Amino acid sequence: FDIFTQQVMYGIKLDDYYVSTGEPMKAQLVALDKDGKPSRGAKALVNVVQYEWQSVLTRGYSNYYYTSKKVEKLVSTRMVNFSGGDATFTFIPPRSGSYEIRVMREGSNRYVSSSFYAYRWGTTTTASFDVNTEGSVDIVFDKEKYEVGENAKVLFKTPFAGKLLVTLERNGIYEYRVVNTDKKSAEIEIPVKDEFLPNIYVSATLIKPLENSNIPLMVAHGFASLKVEKKATILPVQITAVDKSRSTTKQKITVKTTPGAQVTLALVDEGILALKNFETPDPHGHFYAKRALEVNSYDLYPFLFPELTGRSRSGGDGYALEKRVNPLSNNRVKLVSFWSGILTTNGSGEATYEVDIPNSAVICALWP
């Protein structure tokens with residue numbers, strides 16, 4: 001049974017994960033009771049915390065590395081009334097950095113939270129962002145993936161100030177830009193193009209001006225994959241077939257998708273699928289799978305380049321032994337597989353395929 005530790009539960013929804021300083025950002029708040037209904041008249045304390053990092057360059061036995069200590073700084077606190085069970089909280093980030101909104105009952109030390117980044121040139125301090133311990137450039141995108149035609153906002157968190165070379169790469173170099181960092185960060189916008197499908201790599205090389213010869217960290221690097229999608233490449237597919245059918249009968253199967261599309265239909269016995277541990281095909285996932293970076297980078301400071309190590313994976317399919325039931329020991333069921341060949345949909349986007357189901361056959365999967 002469920003035990004409820006509080007009468008009101010709070011939730012947060014941010015419109016954007018990546019915002020600009022000096023401009024209002026809004027957070028949608030909700031207060032619900034234990035039954036999930038709006039808690040009218042509820043109150044909550046809303047705090048906004050900014051994280052600051054005190055970074056120090058430390059010398060080890062054979063190399064230099066950064067250590068960062070995170071410090072919380074309360075920048076806003078306010079009581080919010082939930083008259084209808086929901087409320088809107090507005091906050092203007094004063095400086096670049098990482099923030100967290102916390103909603104809690106007054107007098108409680110427990111809270112729900114949601115984080116976001118704020119950035120604008122000229123509002124960054126040396127403590128705005130954390131520093132990678134290996135002295136690398138951390139790359140943050142404002143979204144997980146992008147549609148063709150959108151603009152991707154990219155934030156670079158750098159271990160030191162300097163000049164940043166940004167390249168867009170995959171099987172070659174598509175574009176490059178040179179930007180100056182603001183304290184220890186920089187931001188650019190990238191128009192997402194068709195040729196970036198299904199992903200592009202953002203590469204960053206940071207060069208530090210030679211101001212102090214005692215500090216050897218003169219170059220830092222960073223790589224990140226930017227995911228790109230195009231909704232027009234995803235075809236809607238719908239299969240119409242009966243759930244059950246008697247043996248020695250004809251079964252008509254209809255596939256509906258975009259008019260003029262070419263489809264194939266496969267019907268396979270569940271025993272064959274169990275032997276092969278076969279998964280549902282995903283043609284779009286295959287042709288638009290993440291591609292590897294084929295551009296090699298060279299550096300005059302190999303001592304500073306982060307060490308890249310591959311991970312070996314081991315394991316088996318023992319957890320799915322129930323899928324490996326051998327159907328060959330049961331001779332009363334005939335193993336069946338059908339393939340339609342290439343079918344072209346008509347003006348309504350439909351294609352049909354008819355099969356003769358043999359005696360005592362079991363078919364468990366249909367794939368277009």
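1. A nonpolar core is here a set of buried Ala, Val, Leu, Ile, Met, Phe, Trp, Tyr and Cys residues joined through side-chain atoms within 4.5 Å. The model under review is predicted. Its largest nonpolar core has 26 residues. Those that touch the most other members are Ile 139, Phe 141, Phe 156, Leu 164, Ile 190, Val 202 and Leu 226. At least two residues of this core come from each of β9 (138-141), β11 (151-157), β12, β14, β15 and β16 (219-229).

2. Another core, of 22 residues, lies apart from the largest one. Its members include Ala 31, Ala 42, Val 46 and Val 103. In soluble globular proteins, nonpolar side chains tend to be buried together.

3. Beyond residues up to four places away in sequence, Phe 141 touches Tyr 17, Tyr 146, Lys 153, Val 154, Val 202, Ala 224, Ser 225 and Leu 226.

4. Five aromatic pairs are found in the whole structure. One of them joins Tyr 17 and Tyr 117 edge-to-face, with 5.6 Å from centre to centre and 90 degrees between the planes. This pair links distant parts of the chain, 100 residues apart: Tyr 17 belongs to the loop between β1 (9-14) and β2 (18-20), and Tyr 117 to strand β8 (residues 112-119). Tyr 17 is partly exposed because its relative accessible area is 36%, whereas Tyr 117, at 11%, counts as buried.

5. Tyr 174 and Phe 196 also form an edge-to-face pair, at 5.9 Å centre to centre and 85 degrees between the planes. The two residues are 22 apart in the chain, with Tyr 174 in strand β13 (residues 173-180) and Phe 196 in the loop between β14 (185-191) and β15 (199-207). With a relative accessible area of 30%, Tyr 174 is partly exposed; Phe 196, at 1%, is buried.

6. Phe 91, Tyr 99 and Phe 116 are linked into a cluster by ring pairs.

7. Setting aside neighbours within four places in sequence, Glu 169 is in contact with Tyr 174, Ile 200, Tyr 201, Ser 203, Leu 293 and Val 295. Of these, Tyr 174 is the residue paired with Phe 196.

Definitions and conventions: Residues are numbered from 1 along each chain as its sequence is written. This is a predicted model: local features need pLDDT of at least 70, side-chain atom pairs count only at pLDDT 80 or more; totals for chains, interfaces and linings use all residues. Side-chain values use heavy atoms; hydrogens and water are left out. Contact means heavy atoms within 4.5 Å. Rings of Phe, Tyr and Trp (its six-membered ring) pair if their centres lie within 6.5 Å; planes under 30 degrees apart count as stacked, over 60 as edge-to-face and the rest as tilted. Helices (H or I, at least four residues) and strands (E, at least two) are DSSP runs, numbered from the N terminus. Buried means under 20% relative accessible area, exposed over 50%, partly exposed in between (1.4 Å probe, protein chains only).
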